Amino acid sequence: MRLMEERIAHPEKYSDEGNTPPPELEDPKLYHYAIFSDNVIAASVVVNSAVKNAKEPSKHVFHVVTDKMNLGAMQVMLKMKDYNGAHIEVKAFEDYKFLNSSYAPVLKQLESAKLQQFYFENKLENATKDTTNMKFRNPKYLSMLNHLRFYLPKMYPKLHRILFLDDDIVVQKDLTGLWKIDMDGKVNGAVETCFGSFHRYAQYMNFSHPLIKVKFNPKACARAYGMNFFDLDAWRREKCTEQYHYWQSLNCKTKLTKKLLCLCRMKIEHCGNFGTLPPGLITFYSTTKPLDKSWHVLGLGYNPSISMDEIKNAAVVHFNGNMKPWLDIAMSQFKPLWTKHGWILLCG
């Protein structure tokens with residue numbers, strides 16, 4: 001509320017409407033980040049932590065995208081601070097006019113009345129028969145913000161490379177080394193998450209489907225999402241967004257994945273998570289370059305056994321899981337990693 005009071009009292013300080021965008025926002029020589037979130041505090045922590053650890057903050061550009069409802073508060077939160085010269089762009093995803101249901105099938109699927117019923121009604125007849133999938137019935141999957149990552153090249157047409165960061169991460173080191181990595185023509189730089197038989201493609205794909213059986217290896221290692229370094233030129237060359245659309249539409253007609261909600265099918269009780277991991281694994285299956293695991297340490301939102309040495313050596317730590325650092329249920333040994341980058345505005 002205080003953020004919105006400030007926004008209403010001083011609209012000229014925070015709105016970019018009518019202003020010519022600074023050239024840095026499209027300068028491919030700078031280090032660009034994409035952060036898509038409706039959580040104002042969480043997004044600010046990502047930016048704060050990245051800037052704090054950047055060797056040359058003025059060469060870093062943060063593209064923060066939220067929704068119309070949170071735009072004003074996000075503008076105030078991210079424009080009241082200098083950030084040591086780093087450049088901050090704050091927009092609403094609704095500002096990207098190409099994002100319509102005729103171009104992006106996911107938008108039409110997200111608007112499905114059946115899907116809304118699945119996520120928001122608690123009637124017994126709507127409950128999934130597989131109780132282990134209840135954790136996937138999270139309304140956040142209904143937000144277009146969760147799927148924007150598949151449109152990065154079109155959102156930033158003049159950029160060559162960009163680092164995508166989820167809003168539940170904390171940056172602990174300068175990340176410019178990622179831009180020095182030889183991507184070998186690959187699109188997506190990500191750490192691998194498999195160990196033993198866990199986190200293999202067999203856990204995410206329906207290998208009884210003949211198309212999946214032919215196209216993918218069930219033993220292939222899954223890759224992390226939440227910190228992904230994208231070569232946008234390679235993405236355009238490989239037509240990854242078109243691949244995403246193809247598989248997303250096909251999955252509506254026939255069940256290709258185990259945890260991707262088959263929105264176009266009426267039997268929603270047989271489907272699961274409409275998150276971005278399964279479509280990401282499909283889209284970037286042959287175009288991902290494995291990164292050293294020290295770039296991205298995951299599990300701080302569910303795994304209490306992560307060693308502090310591993311965390312200390314990580315460039316980015318990720319609070320994926322239900323125990324987010326801004327919640328009371330956050331694990332006490334990990335929460336200070338996040339809270340030290342938060343700051344409270346307008347408390348006086």
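Visitor: Ground rules before we dig in?

Guide: This is a predicted model, where local features need pLDDT of at least 70, side-chain atom pairs count only at pLDDT 80 or more, and totals for chains, interfaces and linings use all residues. Residues are numbered from 1 along each chain as its sequence is written, and side-chain values use heavy atoms, with hydrogens and water left out.

Visitor: OK, how many disulfides are there?

Guide: The count comes to one, taking a disulfide as a pair of cysteine sulfur atoms within 2.5 Å. Cys194 and Cys221 are the partners, with an S to S distance of 1.9 Å.

Visitor: And what's the torsion about the S-S bond of Cys194 and Cys221?

Guide: About -105°, so the disulfide is left-handed. Cys194 sits in the loop between β6 (188–190) and α8 (210–215), and Cys221 in the loop between α8 and β7 (227–231), so the bond ties together parts 27 residues apart in sequence. Those labels are DSSP runs numbered from the N terminus: helices are H or I with at least four residues, strands are E with at least two.

Visitor: Are Cys194 and Cys221 buried or exposed?

Guide: Cys194 is buried at a relative accessible area of 17%, and Cys221 is buried at 9%. Buried here means under 20% relative accessible area, exposed means over 50%, and partly exposed is in between, with a 1.4 Å probe and protein chains only. Cys240 is buried too, at 2%.

Visitor: What happens at the start of α3?

Guide: A side-chain oxygen of Asn39 comes within 3.3 Å of the backbone nitrogen of Ile41.

Visitor: And α4?

Guide: Helix α4 takes in residues 68–79, and its 12 residues should span 16 Å; its end C-alpha atoms are 17 Å apart, which agrees. Nine of the 12 residues in α4 are buried, among them Leu71, Met74 and Met77.

Visitor: Which are they, buried or exposed?

Guide: Tyr83 counts as buried at 4% relative accessibility, whereas Asn84 counts as exposed at 54%.

Visitor: Now strands. Which side of β4 is covered?

Guide: Both faces are: Arg161, Leu163 and Leu165 on one side and Ile162 and Phe164 on the other are all buried. Strand β4 is residues 161–165.

Visitor: What does β4 pair with?

Guide: Strand β1 (residues 31–36) runs parallel to β4, joined by two bridges, and Tyr33 stands opposite Leu163. β7 pairs with β4 in the antiparallel sense over five bridges, and in β7 the bridge partner of Leu163 is Phe229. Pairing requires DSSP to find at least two bridges between two strands.

Visitor: Where's β5 in all this?

Guide: In an open sheet of three strands, ordered β5-β10-β9 with mixed pairing. The edge strands are β5 (169–171) and β9 (296–297), each pairing on one side only. β5 and β10 (residues 316–318) are antiparallel over three bridges, and Val171 has Val316 as its bridge partner in β10.

Visitor: Last one: how many residues does the largest nonpolar core have?

Guide: It has 43 residues, and Phe36 and Tyr151 have the most contacts inside it. The largest share, four residues, comes from α10. A nonpolar core is a set of buried Ala, Val, Leu, Ile, Met, Phe, Trp, Tyr and Cys residues joined through side-chain atoms within 4.5 Å. A second, separate core of 37 residues includes Val90, Leu163, Leu165 and Ile181.

Methods:
Expected span 1.5 Å × (residues − 1). Polar contact = N/O pair within 3.5 Å; in protein donor to acceptor, adjacent residues only side chain to side chain.
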